[in-house]
Amino acid sequence: MLFSGCIMLMANSCADEKMELEATSEISAELVDFTHTSNNYNFAVNLSVKSDNEKIEIADNNVEYVFTDATGNEITKETVTVDGNPVTADGITSYLTKCTLSEYNFNHDSAKLIVKARVRAVAGEGYVSEWFDYASGAIDLYGLRPFADLGLSVMWSTDDLADSNGEILSAWATTNDMTGMPANISGTQFDPALYDLGNYIGVRRTPTLDEYLELFDEKNCDWTTVIDDGADFAYSTFTSKKSGQSVKFKISVAFGAKTQFWTATFDQGTGLPVAIEFEAVGASVNIRTVECDPSMKLHRHTVLKGNN
């Protein structure tokens, strides 16, 4: 996403206050990379300048990332330092900046980003302009947590959900009292994808058993697991026959190991929640449904919230 603006910078000589240099500089901010790892959001932005001047200086080499909600209200802001020396190509000088936010200080699945910097033009022989406060337009940040579109009823997250301490495993609900528990807790106050995120604002939720079965259906996805000799972990990969996109589940392949993921489905007959279990058997993997004590700590994947 790219936002730019033209500014007029008046460059004054330190040696001769009467001498002025007038130049136009076009400054733009572009989100060039975004990843989500271990419940951190990682952003990389290029602040680029197309100018008649020899270069543009950024005050203290600092750039400010301002994150807002959809209505423009500020959520948080971070000051970051320009990452290394600027790169110039085709008359455009680019300054790379990076920012990492913890998901637990930034519980949004969508937001907007405004990039700010204090800049001035430098035009040779000590000619410099006044400082100028640049602010980009609002860059939309859709689907901050990466999801794969498999062409199914829901979109699947591409990584496990961790808690505020970075722990992957989590209990099923906020209570062990299952009295009156609904058959589907997805998106409710009991949902393990939501309850440990504080004042979470977003759209993800724990998938139901039916949504898992849709993913596993061979009419929808191809399933592969590559187990290397001596490896402790492998990835079970489901690749959509409709879109070609994939979702991976990291599973233990140690002898006798079983890796379990919570569903949002509660069996009201047995009074236990349902989980999906991956079991490595030699060079192959079996998948089955199991019922577990809700206090057990299991893995979690998520899907985009909806009425499916």
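## Pockets and strand pairing in a predicted model

Strand β18 supplies five residues to the lining of the largest pocket, the largest share of that lining. The model is a predicted one.

**Largest pocket**

- The space in the largest pocket comes to about 280 Å³.
- The lining of the largest pocket consists of 15 residues. Those nearest the pocket centre are Asp159, Asp160, Ile168, Tyr235 and Lys250.
- Sorted by class, the lining of the largest pocket holds six polar, five nonpolar and four charged residues.

**Second largest pocket**

- A volume of about 200 Å³ is found for the second largest pocket.
- Its lining is made of 13 residues, and Ile227, Val253, Phe255, Gly282 and Ala283 are the ones nearest the centre.
- Eight residues in the lining of the second largest pocket are nonpolar, three are polar and two are charged.

**Sheet β19-β20-β21**

- Three strands form an open sheet in the order β19-β20-β21, and their pairing is antiparallel.
- The edges of this sheet are β19 (258-267) and β21 (284-291); each has a single partner strand, so one side of each has no neighbour in the sheet.
- From one strand to the next, the twist averages 20°.
- Eight bridges pair β20 (residues 272-281) with β21 in the antiparallel sense.
- Within β21, Ser284 is the residue that stands opposite Val281.

- Strand β4 (residues 55-58) has one covered face, with Ile56 and Ile58, and one uncovered face, with Lys55 and Glu57.
- Strands β4 and β9 (residues 111-122) run antiparallel and are joined by four bridges.
- Glu57, on the uncovered face of β4, has Arg120 in β9 as its bridge partner.

Terms used:
Residues numbered from 1 in each chain as written. Predicted model: local features only at pLDDT ≥ 70, side-chain atom pairs only at ≥ 80, totals over all residues. Heavy atoms only, no water. 1 Å grid on protein atoms, 1.4 Å probe; cavity = no way out; pocket = protein on both sides within 12 Å on 5 of 7 lines; lining within 4 Å. Points joined across faces, edges and corners; volume = space filled by probe spheres on them. Helix = DSSP H or I, 4+ residues; strand = E, 2+ residues; numbered from the N terminus. Nonpolar A, V, L, I, M, F, W, Y, C, P; charged D, E, K, R; others polar. Pairing = 2+ DSSP bridges. Axes fitted to C-alpha atoms, helices over the stretch in contact; angles between N-to-C directions. Buried < 20%, exposed > 50% of the residue type's maximum accessible area, 1.4 Å probe, protein only.
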